[in-house]
Amino acid sequence: MTRRPALLLLGLLVAVGASAETATLPQDALHLGVASCAGSPCHGSVQTKKTNDVQQNEYLTWQRHDKHAKAFLALQSDLGERIARNLGLPNAETAKICLDCHADNVPADRRGVQFQLSDGVGCEVCHGAAERWLGPHASGKVAHDTLVAEDGLYPTDRPRDRARLCLSCHEGDETRFVTHRIMGAGHPRLAFELETFSQIQPAHFLVDELYRRRKRAAAGIQIWAVGQALQFERLMLSLADPRHRGDGVFPELVFFDCDSCHHPESSLRWQKRASVGLSPGVPHVNDANAVMLRALAHRLAPDDAAELDRDMKLLQRALAEGQGDPHALANHLATTAHRLGDLFDAHDFSRDDLTALLAGLVDALQAGDAADYAVAEQATMAFATIIDTLESNHLIDAGQFAGLKAALDQCYAATQKQESYEPAKFTAAAQAVARALPAR
């Protein structure tokens, strides 16, 4: 595995939700609480058992190793309470704005007798209210697809549905949204990439032949591609939402790249980006996912890539200079991203696709896109996914993998700290990845 958890410590301890566009979480069934899954014959075994289709120690994996289990406790930390005070809240652990992503904050009339809000981001946040599916699931006699279709079990195995679920807090959705005001109060920067976070998550499932019989086992590169499309779509939909147009003379600044404003004057970091096209001193939309999406589209949908290029430049100018309607442009970009997500979800990525994607990303970084830390961060995670896929599918030999991994380590080193990020160092590291890439 080529992931480096250190790069991802700035991720939130969050809960998850869903969009009505794909699978939906039941809105009327009871949430029974994590204790309903924790029995030793079910998912609460101390050790992995060999007598079932699952490992049966899933509850303890979540409880002991998964940060989602500590999400509610984060609200009671010094930082959590500081953020609450700065926002004028009595405390974080009773504030809906905090609980909606740090706990399974369903209405009181949907909480079973064993339900505890303090369990944080538990089983039913991801898998759906258990009232209807728990019994059939425990019997072992009902197929997974039937539980999804008829009983409200959420299909986390499907890339699109997993992305919708995770992004509802890691990016925000129609009901949850982290504003620049919340960031100013001390909230960590939202940084997310679906496949990388899926990989570094303590796994409470094993993708073996039994798993593949019951569920979809999508390739990592497909999860990455779908995740990029849906994350950008979600960003654009939030930007277009009239509720997120800011207060007073300022727009909602959370949509903009942090380092456009937040860097020391002594750090002469700015350089012109052709893909943005703005002058110095002008903040621009955080387009890290757009850069990844553009590389994917250039390979798989050139017409969409050209449209994405054009519309992103128009959006940047509309927000920075008042030329055009940014909200209409954001809606159009969301539509493009949605269409690309469908394409990626159905695409079988080849070796040529993988090497072309990696080379295309390096070209974009050399052309100036590495100026932004957020772009470098996403590119590093993209490199890791592509290299992992090449290696796991036996598309490169051991020597080639070693060379790519050594070059990837340079990318990790260059993105270790946002505050000391140097674009030139990262660009050189990305070029090392390209040099280590096997010939197409």
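The buried residues of helix 19 are P423, F426, T427, A429, A430, A432 and V433, where buried means under 20% relative accessible area (1.4 Å probe, protein chains only). This is a predicted model, in which local features need pLDDT of at least 70, side-chain atom pairs count only at pLDDT 80 or more, and totals for chains, interfaces and linings use all residues. Residues are numbered from 1 along each chain as its sequence is written, and side-chain values use heavy atoms, with hydrogens and water left out.

Helices are DSSP runs (H or I, at least four residues), numbered from the N terminus. Helix 19 covers residues 423–436; its 14 residues should span 20 Å at 1.5 Å a residue, and its end C-alpha atoms are 20 Å apart, which agrees. The expected span is 1.5 Å times one less than the number of residues.

Leaving aside neighbours within four places in sequence, F426 is in contact with residues including L365, A379, F383, C411 and Y421.

A nonpolar core is a set of buried Ala, Val, Leu, Ile, Met, Phe, Trp, Tyr and Cys residues joined through side-chain atoms within 4.5 Å. The largest has 81 residues, of which F232, M236, F344, F383 and F426 touch the most other members. Helix 12 (residues 220–240) gives the most to this core, with 12 residues. Another core, of 11 residues, lies apart from it and includes A92, L99, V106 and F115.

How values were computed
Buried means under 20% relative accessible area, exposed over 50%, partly exposed in between (1.4 Å probe, protein chains only). Helices (H or I, at least four residues) and strands (E, at least two) are DSSP runs, numbered from the N terminus. Contact means heavy atoms within 4.5 Å.
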